[in-house]
Amino acid sequence: MKKECINPKSLFNSIQFGFSQIVKSKPGKHVFISGQVAYDENLNVVGDLDLAKQTQKSIDNLKIAIEAAGGTIYDIVMLRIYKVNYQHEDSLIISQVLKDNFDIQNPPASTWLSVQGLANSKLLIEVEAQAII
């Protein structure tokens with residue numbers, strides 16, 4: 001395995017939310033992926049006002065980007081998630097999408113941020129990633 005996920009018992013159980021507290025990676029090619037949103041290839045927003053659909057499309061776009069760089073979604077070691085006007089109930093939706101797409105035993109580390117807005121007022125979430133291939 002290229003990465004090792006570490007979740008000390010003295011930190012809260014982040015696995016339940018779909019991310020690891022710490023990820024160590026062996027040397028490799030560092031890949032930095034710009035924030036992905038729920039745009040299709042024609043700049044149409046997928047999942048109008050539906051957080052689950054927009055989150056899934058953002059992750060699908062991350063998959064396209066990492067594969068274009070020669071890796072897989074499992075090479076992603078860090079996510080930054082920007083959610084417009086984050087509310088606690090958003091965590092259930094975002095967490096489920098993360099658990100559906102990443103190896104639940106070895107998910108990437110993650111930071112979640114509440115923001116006032118994104119590049120398009122119809123966008124609810126943006127996800128950027130770092131990977132080691």
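Predicted model: local features only at pLDDT ≥ 70, side-chain atom pairs only at ≥ 80, totals over all residues.
Residues are numbered from 1 along each chain as its sequence is written, and side-chain values use heavy atoms, with hydrogens and water left out.

How confident is the predictor? That is what pLDDT tells you, residue by residue, on a scale from 0 to 100. The chain has a mean pLDDT of 95, and 99% of its residues reach 70 or more.

Buried means under 20% relative accessible area, exposed means over 50%, and partly exposed is in between, using a 1.4 Å probe and protein chains only. The expected span of a helix is 1.5 Å times one less than its number of residues. For the 18 residues of H1 that gives 26 Å, and the end C-alpha atoms are 26 Å apart, so the two agree.

Now look at the two ends of H1. Just after the helix, Gly70 takes a positive phi of about 95°. Leu49, in the loop between S3 and H1, has a positive phi of about 60° even though it is not a glycine. Leu49 counts as exposed because its relative accessibility is 63%. Another non-glycine with a positive phi, of about 45°, is Asn85, which sits in the loop between S4 and H2. Asn85 counts as partly exposed, at 47% relative accessibility.

Next, go inside. A nonpolar core is a set of buried Ala, Val, Leu, Ile, Met, Phe, Trp, Tyr and Cys residues joined through side-chain atoms within 4.5 Å. The largest one here has 19 residues, and Ile59 and Leu79 have the most contacts inside it. At least two residues of this core come from each of S3 (30-36), H1 (51-68), S4 (76-84), H2 (90-101) and S6 (125-132). Apart from it lies another core, of six residues, including Val23, Met78, Ala109 and Ile132. Contact means heavy atoms within 4.5 Å. Leaving aside neighbours within four places in sequence, the contacts of Leu79 include Leu62, Leu98, Phe102 and Val127.

Finally, the rings. Rings of Phe, Tyr and Trp (its six-membered ring) pair if their centres lie within 6.5 Å; planes under 30 degrees apart count as stacked, over 60 as edge-to-face and the rest as tilted. The whole structure holds four aromatic pairs. One of them joins Phe12 and Phe17 edge-to-face, at 6.3 Å centre to centre with 65° between the planes. Phe12 also pairs with Phe19: the centres are 6.3 Å apart and the planes at 75°, so this pair is edge-to-face. Phe19 counts as buried, at 11% relative accessibility, while Phe12 is partly exposed at 48%. Ring pairs link Phe12, Phe17, Phe19, Tyr86 and Trp112 into a cluster.

Technical notes
Helix = DSSP H or I, 4+ residues; strand = E, 2+ residues; numbered from the N terminus. pLDDT = per-residue confidence, 0-100.
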